Protein chains: 4
Amino acid sequence: MIIVMRKFAEKSEIERVIETVEQLELKPVPLYGIERTVIAVIGDERPVDEHHISSLPGVDRVMTVLDPYKLASRETKHEDTIIDLGDGVTVGGKKIAMMAGPCAVENEEQMETSAKAVKEAGVEIMRGGAYKPRTSPYSFEGLGVAGLELLQKTAKRHGLKTITEVMDVRDIDVVAQHADILQIGTRNMQNFNLLKEVGKTKKPVLLKRGMSATVKEFLLASEHIMKNGNPNVILCERGIRTFETETRNKLALATVPLVKQLSHLPIIVDPSHSTGKPSLVAPMIKASIACGADGILVDVHPKPEAALCDGDQAIRPEEFSKLMTELKPLAAAVNRTI
Amino acid sequence: MIIVMRKFAEKSEIERVIETVEQLELKPVPLYGIERTVIAVIGDERPVDEHHISSLPGVDRVMTVLDPYKLASRETKHEDTIIDLGDGVTVGGKKIAMMAGPCAVENEEQMETSAKAVKEAGVEIMRGGAYKPRTSPYSFEGLGVAGLELLQKTAKRHGLKTITEVMDVRDIDVVAQHADILQIGTRNMQNFNLLKEVGKTKKPVLLKRGMSATVKEFLLASEHIMKNGNPNVILCERGIRTFETETRNKLALATVPLVKQLSHLPIIVDPSHSTGKPSLVAPMIKASIACGADGILVDVHPKPEAALCDGDQAIRPEEFSKLMTELKPLAAAVNRTI
Amino acid sequence: MIIVMRKFAEKSEIERVIETVEQLELKPVPLYGIERTVIAVIGDERPVDEHHISSLPGVDRVMTVLDPYKLASRETKHEDTIIDLGDGVTVGGKKIAMMAGPCAVENEEQMETSAKAVKEAGVEIMRGGAYKPRTSPYSFEGLGVAGLELLQKTAKRHGLKTITEVMDVRDIDVVAQHADILQIGTRNMQNFNLLKEVGKTKKPVLLKRGMSATVKEFLLASEHIMKNGNPNVILCERGIRTFETETRNKLALATVPLVKQLSHLPIIVDPSHSTGKPSLVAPMIKASIACGADGILVDVHPKPEAALCDGDQAIRPEEFSKLMTELKPLAAAVNRTI
Amino acid sequence: MIIVMRKFAEKSEIERVIETVEQLELKPVPLYGIERTVIAVIGDERPVDEHHISSLPGVDRVMTVLDPYKLASRETKHEDTIIDLGDGVTVGGKKIAMMAGPCAVENEEQMETSAKAVKEAGVEIMRGGAYKPRTSPYSFEGLGVAGLELLQKTAKRHGLKTITEVMDVRDIDVVAQHADILQIGTRNMQNFNLLKEVGKTKKPVLLKRGMSATVKEFLLASEHIMKNGNPNVILCERGIRTFETETRNKLALATVPLVKQLSHLPIIVDPSHSTGKPSLVAPMIKASIACGADGILVDVHPKPEAALCDGDQAIRPEEFSKLMTELKPLAAAVNRTI
């Protein structure tokens, strides 16, 4: 921790900061510069609330040196984490994990057509939402438990693993019974009690980046899950919110290689919500794989124009199947399989 | 709803859109322009998912005409909503509602000193958090029920109303028993199940704007609460997240007069979290009142440097008391009292 | 300057950084922490390109301690700068400087009506653009020299000072001959050659904040002007670009007190471009004055619906005149005059 | 153009809007909805200033239907534009155009080493800045004409084409004499006079996206160049400014396929300025190519730690050479060559 004093800080103010640091059982090293005094702090700064220090009289600002997350850090665990879903299906290894299916579970026919299509295209994990967070209270909010059952039944029939969202601490048990991966949506990335509770299960959790979360906050959110005992976290970049309105969100792809440097956790990309335009989905999946994504979460719907949720960003099975073929040489070019 | 077709949309695509609109029992009016066809839709578009339309072949984009919120809209209810907390304390009327106190409830002495100070300065509503959402899992998370009890006991002794945050659906009952206003934090503005559940109580709810929420989403979040039966919503602007890092968040004050034009709900301002700097709190409170805010939620702590949470943005009782005096002529200048 | 090494930086890498710092004639102080080594640098870091250091092997990041601007800094000059326009008109003193008039100079009648109106309302400085930066090449770009002449002639007749924009280094001379304040628009805040050239004149310069500029970059832009010999810089907050689309830009008003703490330069606010809505102009002018703005730059147009530029954000003379009356008690409440 | 009236707009207000539209020689079609009246406008809306309409009494907002740019639009010109630099070097065709070299021209040795390295790696276009826009007035600003001469001489010796930045209208002639492509930097994307003047030359222009420019504004900036007679525009995505501070800017890669749908102009990517981290350059180049970029502009410096400008984002020749080899199969996988 580096404490920068104001230019005209008084001697007594500097001394008080030094004392405070000592009371925290850390070692202060005052450096008297040409214009300002800086106090470097030696020791583990993580348990210290930097605001304690920055609110002391005479302090201008405090800069932290250590990354605030530990369990998620590449410095703590060097080798890549590989999440094992059973039956040879993994996320984080050499094989790129494709997760595809409709945004929302709607009915048997839709699920059956979708499952067949994604399976044939080579996918191992099916997506489908039973609980849908909706900006407007007048929109379709999902089928709930009936949706979970339909997802599980259909996926089993086709030998697919499943991923589905959980929005409420009261639903964790039932969702965990029906799905292989618990998805935490972008609006809940900092719903800390939800993170804690999924942390108490051992189920793999896919954590979507908040639409205005920094990478640091994203990794700290994963830390909330891991600290409660669940190391099986998959990160998901899904686009951030910016001033640009042509695309729904802005897919900040540099997050992928950056997170792989900072953390050992696998990171996948959602090209559907990040762009909001079917015509941009295929190019952004290619870009994601090229820069090292460990997987893709994509909306595929047999009839986008009839979808009950986000139909305008889903691609059709034919298109998806053609794309999967195009991805093979691309994956090979970056030394991955698909 | 206005449906803009692509430049080279085929006749069959246009016809399909027209049919789809008719099936929704709305009236399509096709307009054949020089370059594109536009289909205007007459009727109540709110129950329609615009994504259904925008995913039809040949559609370029869909623009909605009606505001997506109803209950929160000034068009639905002309006169200002005034929230009554009992004992003559209101939010939304001519008198500006000051809510002051520490960020987190810590101990008896801190609460007693704070309550005394804010009461003497003329405040009627005391703040104090018992459940604290924290970015890092290693930070102080609040005293929970013990904190609620301490807040209630201290406030009662001084004849103050109370406001405190609720983060979890499972805690709504206990929080509602101990506080006069339920606060929904910025990270939970789109925690829809939490909104629904507080909507089922009749307790006044203070809803903080999400740090990257548009004004439309902010009002739609209040709609989630109102639609479930609770009309007592107080909106709170607390700064948005932008590229600027000198201040913690950017207080987008134009939200205040804008929301007052769009909605009948009262709107207050939190100058502490929005700036993150005590030296900016007083000027921003003045600015808020000058542009029409119905109240202020401010961190006041007897010993900011010892605070367990966000001490670096709290102001001291002496400073707050002086400020309250300065606010009187200012409030009068915009025809309000304080 | 604080240099944070990577966790596993090698000894030779640390030594090379120390040597490099010494070659720059600064004093390195290595601090060996529990996880990382930090090298504090003592001396004037400003002439050093931090990227030199951050690109050395083993360096994780570099944090600067001193503010990068000097001439604009409050630390360099304690007392407020007051810009003297002659005839008793100033910017930066106790009296709030109102600058009002149409966005673009259009014709004699429009200018005469505007000048009369703003003069009668108590304004001392008239605005009017002769060169207009326009996003689309198909929009009205201003009358050029004829516009400058019309502005000067009309203002003189009414005893008003003038402000107008200069966009091109080749126009500085002619603009300086016709106006009292040279305005640098938001899109040119980092047009460094333009800043340099206006820095070589002694004319007061109003520098608008770039719509995505940080406060640091804003002050550094003023430094470009001052370093070339012109200390007469007036800063202007005009809103920043964010994700929110309800208002044209977001007026980040905390910039006003923040800049007054960091710098001695006067800062004014443009409520017209920052909101883009006439109905928000009056409340935001009030808020600006309440938080300490030294002046206001506002679009007033006798016939907004016929304006050749930005008519949708101008207010009418009647409305402006009424507002000026309302501002008097408000200014008094914050110990200013208007 | 779609004009949405306020909910309680008066009949006379609606009639005035209709008359105004007729005076503009466009055809108004009023649509009386359940809550609001909407007036659709048929005809070419582009020459109309929408603010004229939106400032009329009773108008709530105006939505434009046609894209505001014409010459840059894919609707105007279907086939891809290919820029011919002579000697078989092109930008926009099947072959991906690599532009590499140091950020700033510094001295003969640096230029010679760089030229040799990039030529051997298979590059055809060399970059090198002689005029450098710098945030701080205390930073190195480039060698000027001497830099241009050094760039030209070195490039010629190695049979390389050149690209270099022009910041000032007064320098266009001399830069055009020494370079094959004129670069307009991100801070000058809306320096409209500079755009106009490079539009009057016939030299290829590389236009960098403003760091907070929308895609619409980006294409409108290219329109300023094209409208003045120069169709040879190359667009360059270089990252946008957001709240995230881990990377210098955020590379919004979806811009690439989006721009290719909206426009016929070639678009390339700058991975160096967009990330600011050498370790992210290679993955982001791969991602750019995978999603369809027509070229790459990359900082390569023989000694990043001694660079006079942005050394911390340059990659070394060895690394670049290795990367070029890895790009070949990747380019092939998306049906391109390199």
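Reader: Which is B:R127, buried or exposed?

Author: A residue is called buried when its relative accessible area is under 20%, exposed when over 50%, and partly exposed in between, using a 1.4 Å probe and protein chains only. B:R127, with a relative accessible area of 3%, is therefore buried. This is a predicted model, in which local features need pLDDT of at least 70 and side-chain atom pairs count only at pLDDT 80 or more, while totals for chains, interfaces and linings use all residues. Residues are numbered from 1 along each chain as its sequence is written, chains are lettered from A and ligands numbered from 1 in the order in which they are written, and side-chain values use heavy atoms, leaving out hydrogens and water.

Reader: With which residue does B:R127 form a salt bridge?

Author: Side chains of opposite charge can pair when their charged atoms come close. The term is used for a side-chain nitrogen of Lys or Arg within 4 Å of a carboxyl oxygen of Asp or Glu. B:R127 has B:D299 as its partner, and their closest N and O atoms are 2.6 Å apart. Because B:R127 belongs to strand β8 (residues 125-127) of chain B and B:D299 to strand β14 (residues 295-299) of chain B, the pair ties together parts that are 172 residues apart in sequence. Strands here are DSSP runs (E, at least two residues) and helices are runs of H or I (at least four), numbered from the N terminus. B:D299 is buried too, at a relative accessible area of 1%.

Reader: How far apart are the closest N and O atoms of C:K161 and C:D87?

Author: The closest N and O atoms of C:K161 and C:D87 are 2.6 Å apart, and the two residues form a salt bridge. C:K161 lies in strand β9 (residues 161-165) of chain C, and C:D87 in the loop between β5 (83-86) and β6 (89-91) of that chain, 74 residues apart. C:K161 is buried, at 12% relative accessible area, whereas C:D87 is exposed, at 72%.

Reader: How many salt bridges are there over all chains?

Author: The whole structure holds 106 salt bridges over all chains.

Reader: How many disulfides are there over all chains?

Author: A disulfide is a covalent bond between the sulfur atoms of two cysteines. Counting pairs of cysteine sulfur atoms within 2.5 Å, the total over all chains is zero. A:C291, for example, is in no disulfide, and the nearest cysteine sulfur, that of D:C291, is 9.5 Å away. A:C291 is buried at 6% relative accessibility, and D:C291 is buried at 5%.
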